[in-house]
Amino acid sequence: MPVPTIYFLRHGETEWNALGRLQGARDIPLNARGRGQAVHAAGVLADLFRRDSKDKAALPYVSSPLGRARQTMELVRRKLELPLANYSLDDRLREIGYGTWEGLTLAESEASDPEIYARRLADKWTVAPIGGETYAAVQLRMLDWYESLLVDTVAVAHGGTCRALMVALGIETPAGAAELYIEQGAVYVFRDRRLEKFS
């Protein structure tokens, strides 16, 4: 059976992204730049659908339940001239939880807990802030999500979940993925356990 293709979009920019604050589970809305990135990503997606001979209305669309991802999804669907509400939510796509570090910059995180910050700097994949989640745990839930897919799918989620999916599919190592910047306004196409970025 063919492996489904995933058209993966990271949500657009928020004010916290612009300020370098860790968001995790916090529900921060898109800023004006982020709304523009979502519309741009929709245009990239439309070009990919034409290239791949995909019917935009026939594919399932799924989003992280967090507001910034849902807002991105709805802007994408508006640009594609699809009904705004015809997509599903999946909690497995939510962003990595940063626990007590949510709302802090990296410098503030280091000041609040220098020991855990140093340990996490050495191993981002398996060390979590207090009350937070490890990338290894996110990798497991992203693999569970991936293995539940039956057909090609459009997903809107987060930088952390994109990194975790790369590792779950053997595209990146944990150390490599942890340092990757996941672009907003781009479409990451996971196909046959390979990855291409279109922006």
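## Surface and charges

The protein exposes about 9,100 Å², and carbon and sulfur atoms supply 53% of that area (areas come from the Shrake-Rupley method with a 1.4 Å probe, and for residues only the protein chains shown count as cover). This is a predicted model, where local features need pLDDT of at least 70 and side-chain atom pairs count only at pLDDT 80 or more, while totals for chains, interfaces and linings use all residues. Residues are numbered from 1 along each chain as its sequence is written, and side-chain values use heavy atoms, with hydrogens and water left out.

## Overall layout

You'll find eight helices and six strands here (DSSP runs, numbered from the N terminus: H or I of at least four residues for helices, E of at least two for strands). Starting at the N terminus, they run β-α-α-β-α-β-α-α-α-β-α-α-β-β. The radius of gyration is 16 Å, close to the 16 Å that the globule rule gives for 199 residues, so the protein is as compact as a globular protein of that length (the radius is taken over C-alpha atoms, and the rule is 2.2 Å times the number of residues to the power 0.38).

Now for who touches whom: among contacts between residues at least 6 apart in sequence, 69% join residues at least 24 apart (contact means heavy atoms within 4.5 Å).

Leaving aside neighbours within four places in sequence, F190 is in contact with residues including P4, I6, F8, C162, L165 and L195.

## A helix tucked inside

Ten of the ten residues of α7 are buried, so this helix is largely enclosed by the rest of the structure. G159, C162, R163 and L165 are among those buried residues. Their cover includes β1, α6, β4, α8, β5 and β6 (194–198). Just after α7, G170 takes a positive phi of about 75°.

Key:
Buried < 20%, exposed > 50% of the residue type's maximum accessible area, 1.4 Å probe, protein only.
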